[in-house]
Amino acid sequence: MIPVPSQVRIWLAVGRTDMRRGMQGLALQVQETLGRDPHAGDLFVFRGRSGNLIKIIWHDGLGMSLYAKRLEKGRFLWPSPADGTVSISPAQLAYMLDGIDWRNPRHTFRPQRAG
C-alpha cells in the first residue's frame, strides 16, 4: 500500500489515459488537462481504456514516484468523463486498489444478534 499522509489530496483523472505514458507524460497531463501542479504533493490516479490498470504519480517533496497496479480479474471502477475532476479520500483509494466499489462500499457480513 502507498503510504498516503492524511493531508494529501487524491485526484482521479477521469476519462481514458494512454497507459504507455511514463512519469513525465502523466505529469504533463496533470498540468494541461487537470490544471493542477504535479509537484504540489497530491496523488494523481490514471486509468487506461481496458480498466484493469491504474497508474498513480506522487511528488513527495524529494522526488516523483510512479505506482502501477493491474487487476488479474475485474476492472477498476471509474467515474464517467462527464464528472470532471474527482477528488477521493485515502480510504476510498484503498478500496479502489483492492478492486472494491469505492463509491458505495458495503459490509459482506452483518451479525444477526449480539453474543
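At 48% relative accessibility, R103 counts as partly exposed (buried is under 20% relative accessible area, exposed is over 50%, and partly exposed lies in between, with a 1.4 Å probe and protein chains only). This is a predicted model, in which local features need pLDDT of at least 70 and side-chain atom pairs count only at pLDDT 80 or more, while totals for chains, interfaces and linings use all residues. Residues are numbered from 1 along each chain as its sequence is written, and side-chain values use heavy atoms, with hydrogens and water left out.

**Overall architecture**

- The secondary structure of the protein consists of two helices and five strands (DSSP runs numbered from the N terminus, with helices being H or I of at least four residues and strands E of at least two).
- The order of these elements along the sequence is β-α-β-β-β-β-α.
- The C-alpha trace spans about 55 × 30 × 25 Å along its principal axes.
- Of the 115 residues, 37% count as buried.
- The accessible surface comes to about 7,500 Å², and carbon and sulfur atoms account for 48% of this area (Shrake-Rupley method with a 1.4 Å probe; for residues, only the protein chains shown count as cover).
- Among contacts between residues at least 6 apart in sequence, 57% join residues at least 24 apart (a contact means heavy atoms within 4.5 Å).

**Helix α2 and the segment after it**

- Helix α2 comprises residues 90–97, and L93, M96 and L97 are buried within it.
- These three residues lie on the same side of α2 because they cover an arc of only 95 degrees around the axis (the arc is that of the directions from the helix axis to the C-beta atoms).
- An α-helix has 3.6 residues a turn, so residues three or four places apart point the same way.
- The cover over the buried residues of α2 includes the strands β1 (10–13), β2 (43–47), β3 (53–59), β4 (64–70) and β5 (86–88).
- G99 follows α2 and has a positive phi, near 80 degrees.
- P105 lies in the segment after α2, and its relative accessibility of 36% means that P105 counts as partly exposed.
- P105 and L26 are 79 residues apart in sequence, and their C-alpha atoms are 29 Å apart in space.

- K55 is located in strand β3.
- K55 is buried yet has no salt bridge, and D18, the nearest side chain of opposite charge, is 7.7 Å away (Lys and Arg count as positive and Asp and Glu as negative, whereas His and the chain ends are not counted).
- The K55 side chain does reach the backbone oxygen of M19, at 2.7 Å.
- Leaving aside residues up to four places away in sequence, K55 touches M19, R20, R21, L26, F44, V45, F46, L66, Y67 and A68.

**The loop between β1 and α1**

- T17 is placed in the loop between β1 and α1, the latter covering residues 23–34.
- T17 counts as buried because its relative accessibility is 7%.
- The side chains of T17 and Q29 are joined by a polar contact of 3.4 Å (a pair of N or O atoms within 3.5 Å; within protein, one must be able to donate a hydrogen and the other to accept it, and residues adjacent in sequence count only if both atoms are side-chain atoms).
- With residues up to four places away in sequence not counted, the residues that T17 touches are L26, Q29, F46, R47, G48 and R49.
- D18 also lies in the loop between β1 and α1, and at 35% relative accessibility D18 counts as partly exposed.
- The C-alpha atoms of D18 and F46 are separated by 9.0 Å, although the two residues are 28 apart along the chain.

**Salt bridges**

- The structure holds two salt bridges (a side-chain nitrogen of Lys or Arg within 4 Å of a carboxyl oxygen of Asp or Glu).
- R20 counts as exposed because its relative accessibility is 74%.
- Another salt bridge joins the side chains of R103 and D101, at 3.2 Å from N to O.
- D101, at 27% relative accessibility, counts as partly exposed.
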